[in-house]
Amino acid sequence: MTTLNPLLRLAAEQKSAEVTDWSARISWVIGLALFIAFVYWLMRQGWKWRGRLQSGLPELASTPEGFADGEKVLTLTGRYHASTTAGQWLDRIVAHGLGTRSRVELTLTAQGLDVVRPGAADFFVPAAALREARLDKALAGKVLPEGGLLVVTWEHGGTLIDSGFRSDHAAEHQAWVDAVTHLTGTAGTHLTSTTEGTAR
């Protein structure tokens with residue numbers, strides 16, 4: 001009889017193993033979810049605040065009538081990354097939907113640059129507002145391989161804006177730089193790269 005006691009004690013100990021404290025685990029999950037929601041809310045508030053600061057930026061121009069009938073200099077499909085204040089690669093512009101990343105279709109003619117963004121606001125940059133185009137690797141916190149971004153500088157409402165695009169075929173970028181340079185007559189007067197610090 002005594003030889004069974006250790007076996008009985010072992011069975012009793014196994015049955016009395018501590019049960020998972022589900023209430024504590026659920027509390028942690030709820031707390032984490034609330035924290036994530038709070039951080040998201042702060043980001044949204046920051047986005048709205050930046051939009052209010054940039055409320056003085058006029059509405060963007062729309063594609064003029066008859067634009068599609070003009071001779072196309074270049075077209076491009078790819079991604080629109082962001083727009084920033086020219087020369088300030090981290091100063092993102094969010095007014096009028098310029099802060100929304102999206103797919104993009106670009107068309108350049110003698111009239112200007114037509115920016116079509118599925119799922120986001122389209123806009124048009126008249127030829128007179130174009131200032132330059134260059135190859136870069138960073139804009140609004142997005143860093144890509146050297147020359148991975150086509151950055152077009154343009155003027156709107158007295159503000160110089162850098163808009164970053166990435167073609168589905170990055171080899172097309174240089175042709176765009178050359179075409180915009182020819183259209184604006186800015187050969188030899190390009191602005192220098194605006195990336196700083198580790199992104200340089």
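**A salt-bridge tour**

Start by selecting Asp168, which counts as partly exposed at 40% relative accessibility (buried is under 20% relative accessible area, exposed over 50%, partly exposed in between, with a 1.4 Å probe and protein chains only). Before you click on: this is a predicted model, where local features need pLDDT of at least 70, side-chain atom pairs count only at pLDDT 80 or more, and totals for chains, interfaces and linings use all residues. Residues are numbered from 1 along each chain as its sequence is written, and side-chain values use heavy atoms, leaving out hydrogens and water.

Asp168 and Arg103 form a salt bridge with their closest N and O atoms 2.9 Å apart (the rule: a side-chain nitrogen of Lys or Arg within 4 Å of a carboxyl oxygen of Asp or Glu). By that rule you'll find six salt bridges.

Next, pick Glu155 and Arg131, whose side chains meet in a salt bridge at 2.6 Å, N to O. Glu155 sits in strand β8 (residues 149-156) and Arg131 in strand β5 (residues 130-136), 24 residues apart; strands are DSSP runs of E, at least two residues, and helices are runs of H or I, at least four, all numbered from the N terminus. Glu155 is partly exposed at 31%, and Arg131 is partly exposed too, at 30%.

Last stop: Arg134 and Asp162. Are they buried or exposed? Arg134 is buried at 6%, and Asp162 is buried at 0%. Their salt bridge has its closest N and O atoms 3.2 Å apart. Arg134 is in strand β5 and Asp162 in strand β9, so the pair ties together parts 28 residues apart in sequence.
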